[in-house]
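Here are a few exercises to work through with the structure open beside you. Try each one before you read its solution.

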Amino acid sequence: LAGPHRHAHLLHLDLDGDERLDHVLVWAPMGLDVQAQSAVRAVRRTWTKGGVEPLHLVLAGAGNDWRELTAVPAPYAHALSATVGASRTWVSATPFVPPRHLKARGRHCLEGLVHAELASRGMPAPRAIECLDPRHDERARRLRHHIRVRRLGPPPPMDLGLALRIRFDAPVPGPLCLGYGSHQGLGRFMHDPSQA
């Protein structure tokens, strides 16, 4: 691996807005060599929990820039841009699961962990980090039902999923994926629609 968090992320997306996953974005900041690209193209089916029949998969597009994905229809491209485009304000699309135990202050407090996660990905420090209250924010309330622990592999230090809003001084390009399980779709952020 070329560096921290540079290998492939599997980001499951709902591009048609029906609250069901319909696309998987394989995002690899370090790129995919010919062998890896062949492996992605060879995947033809997957399964769902409790499903009887497999789901058949079709490659929608590939490229170094999401705007190269011309096979993605316009409404889907708009939804995709909310994950991969640049923005000053990002909000949780999937729960942020802390990669270490949270402390009340210091480098292991929530802000310290988010700063460390961003720095490990070569991203700028944020201007503000806000934890959204599920009692007052519908988006945060919906995230409570996400699975936050991998079935295979080590569990998170704490089974806690948070909804965050992160603001930067200048637009930051996505995808933005932070915390435990970020390579499997947890801690994925999207442009904040309330800030558009």
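**Exercise 1.** Find the nonpolar patch on the surface that includes Leu 32, and work out which residues form it.

*Solution.* Start with the rule: a patch takes residues with over 30% relative accessible area and no salt bridge, joining like charges within 9 Å and nonpolar side chains (Val, Leu, Ile, Met, Phe, Trp, Tyr) within 5 Å. Here the patch is formed by Leu 32, Val 40 and Leu 59, which together have about 200 Å² of accessible area (Shrake-Rupley method, 1.4 Å probe, with only the protein chains shown counting as cover for residues). Helices (H or I, at least four residues) and strands (E, at least two) are DSSP runs, numbered from the N terminus. Last, Leu 32 counts as partly exposed because its relative accessibility is 31%; buried means under 20% relative accessible area, exposed over 50%, and partly exposed in between (1.4 Å probe, protein chains only).

A quick note on the model: it is predicted, so local features need pLDDT of at least 70 and side-chain atom pairs count only at pLDDT 80 or more, while totals for chains, interfaces and linings use all residues. Residues are numbered from 1 along each chain as its sequence is written, and side-chain values use heavy atoms, leaving out hydrogens and water.

**Exercise 2.** Glu 130 forms a salt bridge; with which residue?

*Solution.* Look for a side-chain nitrogen of Lys or Arg within 4 Å of a carboxyl oxygen of Asp or Glu. The partner is Arg 165, with the closest N and O atoms 2.9 Å apart. Now trace the chain: Glu 130 sits in strand E6 (residues 128-131) and Arg 165 in strand E7, so this pair links distant parts of the chain, 35 residues apart. Finally, compare their cover: Glu 130 is partly exposed because its relative accessible area is 31%, while Arg 165, at 8%, is buried.
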